[in-house]
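Good morning, and thank you for coming. I would ask you to look at the model on the screen while I speak.

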Amino acid sequence: MDEPRALRVVLERIGIAGTSSVQELDQYVERKLRALIDVGVTSGSKAQLIDLGALSKEPVAAAQDVVSPSDESRLEAARARWKQDFAARSGTVAAVLARFPVDDVPTPRVEGDD
Amino acid sequence: MTTEFYKLPDDKVRPGDIVALGPTFRALKEVIHVGPQQVSKQQISAKLLGVSGFEQPSKAVLEGKSDTKLVVPAALDWGVLLTRGCDIDNGVQRQIAALRPLRLLQDVAVKESVILGKHSSLYYVPKPELVGVPTAGALFDESFIDFRFVATLHRDAWDRLTRVVSLSRAALLDLYFAWMKHTIGPQAQRKAPCPACNAEIEMFQVVEDFLRPQPDY
């Protein structure tokens, strides 16, 4: 089987047929492989895992998150920025939303909803 | 964090209450109806109607003239109450938005963009921190509220759920603002350049001024 066709078959089998990049597939498989090994599902080559059908999109990899140290520091920076942003906007958002007369008139009862 | 994001739930049900085993309804891929139920030998059974090649529901149901019951794919998972206080007091509907772990997103760039609020359908929530409750972090991992999955429960079903933790007032208002962003679509920036003079505008201030016009407006 030539490489493009093999790639297409693999993409279809693991449910990401819309993905066209070999690098993207490789990263995807790496993530799945590492997660599968870490949760003790199996060990082996990428090809074996694909043949075993172990590379489903859900939820095995989701059971354990695998984050590299560089990714983790990137996420830490994002979390720190989120904290700052949340604290900065919290007062203003409260002031803005307080202007909406949201509780003045109760939502009417709709026949049959109860 | 100077502004608390979580608090313990009040005695009274409040918007922002978080429950552990609330139903998250998945998107329907097909519309399958539950037919009349039968009870025999302590078992309840019902026909499924509307499955391709099998019995269809009644004409009245198909024409929208009669109510039906549907088979809805779902999971019991963390959820947050969106329903406002007034509707909690006066109505029986309770809207729960799905709270999903950030780890479901595999790509670090996607996780980062969710944390930074770049997706108008997803609202980031950190791992729980509660003053005086050191184990709160074990409740759930950092997550996102997914506005695409909102389930409406009757008060009776909601009242059977345990409210484990709740959003602080600041977090709840922030969540409501995010919900507004979700309905509007584009990301609401805190600052944006004026299209005319290119000066930086405080967007939240503009909105506040808009909602509180000057007396001579």
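Cys86(B) is buried, at a relative accessible area of 10%, where buried means under 20%, exposed over 50% and partly exposed in between, with a 1.4 Å probe and protein chains only. Cys197(B), by contrast, is exposed at 55%.

Residues are numbered from 1 along each chain as its sequence is written, chains are lettered from A in the order in which they are written, and side-chain values use heavy atoms, without hydrogens and water.

Next, the nonpolar cores, meaning sets of buried Ala, Val, Leu, Ile, Met, Phe, Trp, Tyr and Cys residues joined through side-chain atoms within 4.5 Å. The largest has 36 residues, and Phe5(B), Ile18(B) and Leu175(B) are among those with the most contacts inside it. The element giving the most to this core is α5(B), with 6 residues. A second, separate core of 7 residues includes Val19(B) and Trp158(B).

Finally, confidence. Chain A averages a pLDDT of 63, and 30% of its residues score at least 70; pLDDT is the predictor's confidence in each residue, from 0 to 100. Residues 38-44 of chain A fall below 50. Where pLDDT is low, the predicted coordinates should not be read in detail.

Terms used: This is a predicted model: local features need pLDDT of at least 70, side-chain atom pairs count only at pLDDT 80 or more; totals for chains, interfaces and linings use all residues. Contact means heavy atoms within 4.5 Å. Helices (H or I, at least four residues) and strands (E, at least two) are DSSP runs, numbered from the N terminus.
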